[in-house]
Amino acid sequence: MKIILNGKEAKCECGETILTVAKREGITIPTLCHHEELAPFASCFICVVEVKGLPRLVPSCSTLVSDNLDVQTHSPRVLASRKVCVELLLSDHCGDCRAPCQVTCPAGIDIPGFISLLAKSTEKEAIKIIKENLPFPASLGRVCPRPCETECRRARVDDAVSICFLKRYIADKDLESPAPYIATPGKSSGKKVAIVGAGPAGLSAAFFLRKEGHAVTVFDAHPEPGGMLRYGIPAYRLPRDILAKEIGLIEKMGVDILLNKRLGKDFTIDKLKKEYDAVFLAIGAQSASDMRVEGEKEGGAISGIAFLEDVALGKKVNIGNEVVVVGGGNTAIDAARTSLRFGAKKVTIMYRRSRDEMPANKVEIEAAEHEGVDIQFLTLPQKMAKDASGVTLTCIKMQLGEPDASGRRKPIPIPGSEFTAHASAVISAIGQGVDTTCLDDEPFDIKLTKWNTLDVNSDTFETNVAGIFAGGDCATGADIAVTATAAGKKAAASIDQYFKGEKITGTPKPYLHSMGKKEEAPQELFEKVEEAPRTGMPELPAKERIKDFAEVETGFTMELARKEAERCLSCGCRSYESCTIRRLALEYKSEPDRFAGAKRHIFVDESNPQIRYEGHKCILCGSCIRVCSEVKKLDALGFVKRGFVAEMKPIFERPWNKSTCDSCLKCVPLCPTGALSLKVTPADEVLMFRAMGVDASKKIPNQ
Amino acid sequence: MAFDMKAVDKIIEEKGKKLSATIPILQAVQKELRYLPIEALEQISKKTETPAAQLYGVATFFAQFRLSPVGKHLIKVCHGTACHVAGAIGISESLGDRLGVPAEGGTTEDKEFTVDSVACLGCCSLAPVVMIDETVYAKLNRQKAAKTIDNFCKCQDKKEDLLGTLAVDKKDLGGKEIVQVLIGLGSCGIASGGKAVFDIFQAANEKFKLGYTLTEVGCIGMCHCEPLVELIARDGTKTFYGYVDGSTAKKILQEHVAQGRPVEKKIIDLEKEGSDEHAFYSKQVRIVLENCGRIDPESIDEYLKVGGYTAWEKVKKGMTPELVIDEIKKSGLRGRGGAGFSTGMKWEFCRKAQGDEKYIVCNADEGDPGAFMDRSVLESDPHRVLEGMIICAHAIGATHGYIYCRAEYPLAVKRLNIAIDQARKKGYLGKHFDIVVKEGAGAFVCGEETALIASIEGKRGMPRVRPPFPAQAGLWGKPTNINNVETFANIPWIVNNGFAAFAKYGTEKSKGSKVFALAGDIKRGGLVEVPMGITLWEIITDIGGGTSSGRPVKAVQLGGPSGGCIPDTLMNTIVDYDAVNATGAIMGSGGMVVMDDRACMVDIAKFFLDFTQNESCGKCTFCRIGTRRMLEILTRITNGEGRKGDIELLEELAAQIKVSSLCGLGQTAPNPVLTTLKYFRSEYEAHINEGRCPAGKCRALIEYTISAERCTGCGACLAICPVKAITGEKKKAHLILESVCTQCGACYQICPVDAIDVK
């Protein structure tokens, strides 16, 4: 007997299914409910195929062949059906593929993984998992504004886990150890890449390109590497030696860093292009924006970043006793706190909106106030005048109106509320831009955006000039360090593709199912979690710390770190790698929200010592029920109810361990989603992949 | 443990330990204990071959089974199509208010009542109805529903004195003496109060020695005139009375039975041209319903008297199986369950299939909300179905037969069992072929052959892939032929009268007659049997007399949840499988629900999707989740929250569900949405784009006001308003307080002068 399979004849025998024949012919038809050892069930309908002459699609897993059957396994009709099939299943599937913290982290660090490894006392493994995505965890562990913690589900119980402090703890322990972890450089590829800028984006790209075996040279205008981490962030937040040590580890991988080399003055991209196989521009956004205040120039306003840089360079800076800082970002806070440490007696921050709109980190704002900085909200300087006694500022009070394009409420001056203030120095920290003048002398035009940033493809980090890539603040405008680090990693992936002559696609985005934002996650998830308060970070007393630039936050002890690590809920799915529905969602480009509606409720049964059952992830393929009944003859599991609310449950809906289950574990690998999983921790997962020789950094999502 | 486990053991003993005994055991235990305690389930799984997980799966699959205790009295509110159109939601709300339970159902604090919704009680022409325990209460509205509870409570306290002060002084009437009284006691007759009428005639007969034989008969189809009473005099004169209530019954006894003076006002004359009843009958043919309402369904002798079992005798005497099959094939009979496959061909497949044992199944699981043809036939003429099955068994060589009957039809089950007993005694059943009644447990999907088979085998009613078809491998893997009640009921007539007589009726590809349950906004609702080829318009206007409201017909729903809404512009469509299919609807099993211009087509589509998604077995992705998503989209449209693109989303889902579902339920579930979209798309658009329900039905989109000019201040609306949103003095125009009004529509329905406007 023969059938026609996608236009080609295929021999087959009576009694065989279309799926069997297709498999033999090397055609992959996706399945969810089908398993060779079980009788065909035909419930998921992902395996449908088109048979010529039939109006309906048929499930290939259970449709028997007949002579000359004309079958299409991947026709447009079939693909459309599979797409909707996956969308429907996802619309009723409740779970997070990856933990929300990891998904929120721009660098995509496997946070539950490293925390779980820490809880297991395997810090050496933990640093490796962190460095698969982030080359400077000790530095970022101190300065990162922690977007991850804003989405930490633990906050639904009490407070977010101190993710960042734990990362810092692990990294500090590593740096203090006799042989800190150095990522292994790849086998030499023979390709050379030049990186301009030794900030977080540039050094991150260097780190990841080295891992791929490419020769990397980094050029930087400053006398020391680190970019804004070194020249924008005061030492009391990020001690210089910590940053230096982490950069040192990158250098030990074989990265050359050439200092005091300024683009446009000491070298050109054109020259680099000739000497190297690719160029990555990571020149940052280090020019201060004007306040646009009358008398700004004559009044002698100091730029915030210039001030911080001068301090970092050890230059003498004269600011006097009464400092006014204008702005509401982290630079404003850093400038204010640095001013205190420079002996200013009175430091005032003027910000034109209210506390809620302030872009600086909440903890930093509080720390500044704690140290005695006075923040005047809804205050806008309008005029500056300098005389012998200092600067006189004419200010006006503001009120908030309707939200503007940024979503923040727009400040509107209150007529007649003008007042004057006096200062020995005025520091302006209202924003930064990219200094693109360094590109002026190049023979080609690198395209810029209307915001005067480098115009790059947001997926691949390519500029308009082949072989020149760019990323970090120079492409996005001033942003946080972890975003720049992530850009460096992603650009490295594109450059690697470029070197290999592959199509440059950037880092592929995996399908990530989610239970939504922190506040949207179902309450049932948290009901059984016992409260345990967040572990506070030990710090120097405020009075003492403003005397010098000693680090304020002194770090977790081992005891504190372990205690905090225990608080992690280990969100995310342990079946991430094996999940079929996730793979199909990507393959069929399914949009999970198209059919959003009611979902199955949260149900977790962990009564079996080895198996975890999460009913909310079940897609009702019945594989577990059937293997238990057909193969094991135990009937420990069954379908309960019917229709949309039907579920898989152990006998009489009692706990799993009260059923006839003998823990043979045959059901677990048959589960196409994570509804049934072995009771492993994220740490077990990491170690398992490690043992299998899988580089998880290739698998972990980046945004 | 609050119950007697010995009773459970006894039931297991009786029913046996096989898997196929699972559902009968559960039904018997629930009958005994009123619910299924988990301890009883444990005991059953221990003592039978059914694994606990499967047993529990079955117990939670079927709607009939309850796992928690219920009140002393069970109230089932029918939410079938006709009842929905007639305001079943209001009935549920009213009962909920009266009993202090949520409208969706629940048990009263004193554990007296449990209120529950059911998909259909099969009393569509008396909509809306509720069933308390085993009695149906019909033609309710909000007020009547609450009053029914009051009366029910009173009746529980004291038994009514039936005859009261009635005195009957019977004269000697000679040939005019009444010797037989027939009372229609099908479910509809009972629901309309037939039982009370029967009791009066019975009590009077005993008390006053009136000497007539009292006969319970089934349904003649004129549900709208129930209760029906027929008097037969010694000389053979027949008098037909309709709309008989207690006082009419007494009047008939005093005047007609005693004095020989017929009560003219209540007489129904089927022969009289121009009468409603004549109009109802003149365009009908009677093949399937030949004997309905004419004979006592509990007497085989009466069936024999009208020619019963002569077809079987004829077959037995001289027709080979091949000849029978040939006769049926030539008659052109197609499956009356809805799909319309040639019955003769189906029999032939099963005849030719290899197997040491073969089965036949009569599908009497009439799950379509809005249909009650099968119930009426089984209640009124059960032997006819048995005879059809016996002939079929001969034709295909089957030894065992099952009748899979809805548990919601207790009277049909009772009469079938009586009939089977009688047929065994007469030797029609027994040695070569026997029939067992299996009660379904409430699952529409069991209308699907493979699900029905699973259910008889004692499993969850989940369909499987075909082929193999049941004709090759059905019940327990043996060749099995499944036909529905009406199909079998046609067989004796065809055998007796010959294929040509049957094929004389109908169109080229659809022969014979079709029975419809005519209900909804229709003046003369009931059971009608029409020749194939008649137009829908003839059925609705000539037979049914048009809408009960006098408003224009907007659409007619054919085929229930698998069918569709045919608009007034296509009323010249003829009753023919292919012609009906061409409209997007299906012939279906015979539910025909007429809707006037106050029916919202989006609401109707939502109603059916609500039904199908509730009835989906949950196996296939597209049906399980897809129908739910369609319902959610329809719900948001009727709630005024429809979004741009919702119509397209519905269309996409509908198309996918149709092609990627295993069984007929899923494959046809989108039809009600597709047909309403096809013919009433602008109504969807008005909901989504303008936030307007053109039919004035969707509560979130409408507003009720009282016209000051038309209002007479009668106070009816004020009295019925459940939320006290209406104010006004007697005889002065009333006013609806917009902020309080819940748009339930009670005032709109009750207003005697149409003074309430909806927009």
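I call two residues in contact if their C-beta atoms, placed from the backbone, lie within 7 Å.

**Setting up.** I am working on a predicted model, where local features need pLDDT of at least 70, side-chain atom pairs count only at pLDDT 80 or more, and totals for chains, interfaces and linings use all residues. I number residues from 1 along each chain as its sequence is written, with chains lettered from A and ligands numbered from 1 in the order in which they are written.

**Chain B overall.** I began with contacts in chain B between residues at least 6 apart in sequence: 72% of them join residues at least 24 apart. For burial I count a residue as buried if 20 or more other C-beta atoms lie within 10 Å of its own, exposed if 12 or fewer, and partly exposed in between, again with C-beta atoms placed from the backbone. By that count, 56% of the 759 residues of chain B are buried.

The C-alpha trace of chain B spans about 80 × 75 × 65 Å along its principal axes.

My helices (H or I, at least four residues) and strands (E, at least two) are DSSP runs, numbered from the N terminus. Chain B comes to 30 helices and 22 strands.

**Helix α4 of chain A.** I was pleased to find this one: nine of the nine residues of α4 (residues 111–119) are buried, so the helix is largely enclosed by the rest of the structure. Its buried residues pack against several helices of chain A, including α3 (100–104), α8 (163–176) and α24 (682–691). After α4(A) comes Ser121(A), with a positive phi near 65°.

I pair two strands if DSSP finds at least two bridges between them. In chain A, three strands form an open, antiparallel sheet in the order β22-β23-β26. β22 (604–605) and β26 (676–678) are at the edges with a single partner strand each, so one side of each has no neighbour in the sheet. Two bridges join β22(A) to β23(A), residues 611–614, and I noted Tyr613(A) as the bridge partner of Asp605(A).

**Where the chains meet.** I found 35 residues of chain A in contact with 34 residues of chain B. On the chain A side, α2(A) gives the most, with six residues.
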